[in-house]
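Have the sequence and the 3D view open as you go.

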Amino acid sequence: MSQNKEQEGLPTSSEVRLEDREYQYGFITPIESETFAKGLSEEIIKKLSQKKQEPAWVLDYRLKAYRYWVTLNEPTWAQVNYEKIDFNELSYYSAPKQKIGEEGASKSLEDIDPELLKTFERLGIPLSEQKRLTGVAMDLVFDSVSVGQTHTDLLEKHGVIFCSISEAIQKYPEIVKKYLGSVVPYTDNFYAALNSAVFTDGSFVFIPKGVKCPVDLSTYFRINAKETGQFERTLVVAEEGSFVNYLEGCTAPQRDEYQMHAAVVELVAMDFAEIKYSTVQNWYTGDKKGRGGVYNFVTKRGKCQGQSSKISWTQVESGSAVTWKYPSCVLLGDHSEGAFYSVALTHDYMQADTGTKMIHIGKNTKSTILSKGISTGNSRNIYRGLVKVMPSATGARNHSQCDSMLVGAKSKALTIPYIEVKNSTAVVEHEASTSRVSEEQLFYLRSRGLDQEKAVSLLVNGFCKDVFTHLPLEFSVEAVKLIELKLENSVG
Amino acid sequence: MLLNVKNLKAQIDGKQILKGLSLQINAGEVHAIMGPNGSGKSSLSKIISGHAGYEVTEGEIEYEINFKMKNLFELEPHERAQEGIFLGFQYPVEVPGVTNMMLLFESYNAIMLRQGVEPMAQDEFNKVVQQKAEFLGIKEDYLYRGVNVGFSGGEKKRNEILQLLVLNPRLAFLDEIDSGLDIDALKVVSKGVNFFKNKNNAVVLVTHYQRLLDYIKPDFVHVLSDGQIKVSGGMELVHKLEKQGYDWL
């Protein structure tokens, strides 16, 4: 097992580089895994489905998606450059060798491999009873499988279902069948088709009518195995009048090879229901030359199906070598509301092409977009957003604000808004700004008694605060620290 | 003595700017430094604040901390500020997203922390700031705007003086605090500086014009030329410069 790079010698130059000290999640867990041979075929998919003891309709869905996927070409419209991915050089299933996660068996903590527990402790996620986070129920996904959940009793009492998607397929097939692919059909795009064919695990959330979920729900994704893809599938259904706050966090070890992550997340909100979905994404970014890192190709979409339903996406994107991600809202119900709040930080050779789509269909639907991009080093940070108002969406309103902050002379930021309005009563506003953090700003703040760290923190918090306020408190503290840490050494 | 600059030589981008500058400043004094463009006036202020662009090649700067003269070069820029050195910028920098009040609060408490004094609570602090802002004729809503963002030249300078009054340093270097000011703004800025100065602190005015010195009376006037102080004196020197320019040096 290769050594954690962070511990190999000291940085040679006096300037400590970002990845030398900052990616503290770069370690690899020495755990025995069962990993499928590389390659993708109908055989592999059948094997995968069999492994998970899935009902026939799931296999059928996978195969249909696969047959569609093979007819597609990888999209090239995003402004990201990366080596072409050979999808036959990836493994599509990797699981820690133990019983859990396979048959939807009970997942008490005693069943979890101590190495895994240690991994999550090291990631700052204590799983043991006494240390467990109060007020947050967690699901942990390690490579291809979900390895443990917390607070199951409390959730059960309220009728909230929070389990891995594999378990949901076994236990609640009728709900999964009804909603799987209902927001993101497998025909949606290349990566969604791929995910639909080979998705391994992810979370399933069902909030019954009128229930305000008593705790925040959280999933933590960890890619460990080498040359595997993580294809998680998350489905959140909020019934009439319900509410849920859902958080997800992600890390991956530091490896020279690329890792592939192609998730699909579907949210469905019924009448008067509200889903708040927050992400702090900190996948490994690759080294300063741009080697390694995670390719993050994600399709996230929420459907405001019922009237006056609300869905908000809040994301802090600080990791991945390449990000291709557009959490979107389909505003179907009258008076429904969608929101997208995003902070995206890129450094070194990272490339992020991210943004949102707001599709207004129902009457008097409303959407808000607030995007903050921070671009440092040689990185490229692109906001790409679509606001579409259909002929039926009388009285639709949108407000978009996209701000970019550039650090250093070589970083790039780009804002690409697409607006399509087919109803003359719609009001669509777009504002954009670009600013640059300069040595002079930092000197100015330091000459007022603030150390470098504090100065950077003030600048970044000032820039991002409107987004951070939409994160749940603990997440917001974590996000602030994460961004500060990442920025500290790339400024000045 | 508060500040002792001894034979300071410094360069920026390989270009020699200061060529053996010496200057002593005591508490309770007001000094004016005049001189032609490019003589090194602004450079001196920036070196004292610790701007990273300058390389000191020779000489030393001592600064009094707790009754002892300390080597200023051993302190980081923010530590110098925390020890009571303030630089009023010729071109105050815009800092979007950070409000004036936030900056003042963070700065004030960073200084207090260093001095071992209890930090002030935000509410109490806001009142102190509002009072000083009112004294300088700064409208309250300016306090909650981004630092210097969209401010006119005069407003920026006034904002520097507000910081001066709130942070209450022991040594204030004010770099061309009068440039770009109309007469009313000049009066307000001068009022602020005169209110600030007392027997325990020192003010250094870097300026081109007599005008400022009509409002703030210096005890010492120095003429800086070609990286050195060529001549020192009192107000009579200012009058001579106004009449004859710098050619006689």
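A residue counts as buried when its relative accessible area is under 20%, as exposed over 50% and as partly exposed in between (1.4 Å probe, protein chains only). This is a predicted model, in which local features need pLDDT of at least 70 and side-chain atom pairs count only at pLDDT 80 or more, while totals for chains, interfaces and linings use all residues. Residues are numbered from 1 along each chain as its sequence is written, chains are lettered from A in the order in which they are written, and side-chain values use heavy atoms, without hydrogens and water.

Let us begin with a helix. Helices (H or I, at least four residues) and strands (E, at least two) are DSSP runs, numbered from the N terminus.

| Element of chain B | Residues |
|---|---|
| Helix H6 | 153–167 |
| Helix H1 | 41–49 |
| Strand S4 | 54–65 |

Twelve of the 15 residues of H6(B) are buried, so this helix is largely enclosed by the rest of the structure. Among them are B:Gly154, B:Lys156, B:Glu160 and B:Gln163. B:Gln163 has a relative accessible area of 2%. Its contacts (heavy atoms within 4.5 Å) include A:Tyr444, A:Arg448 and B:Phe86, leaving aside residues up to four places away in sequence. Just after H6(B), B:Asn168 takes a positive phi of about 45°.

Now for the sheet. Four strands of chain B form an open, antiparallel sheet in the order S2-S1-S4-S5, where strands pair if DSSP finds at least two bridges between them. S2 and S5 of chain B stand at the edges with a single partner strand each, so one side of each lacks a neighbour in the sheet. Four bridges join S4(B) to S5(B), and B:Asn71 in S5(B) is the bridge partner of B:Glu62.

Conventions
Axes fitted to C-alpha atoms, helices over the stretch in contact; angles between N-to-C directions.
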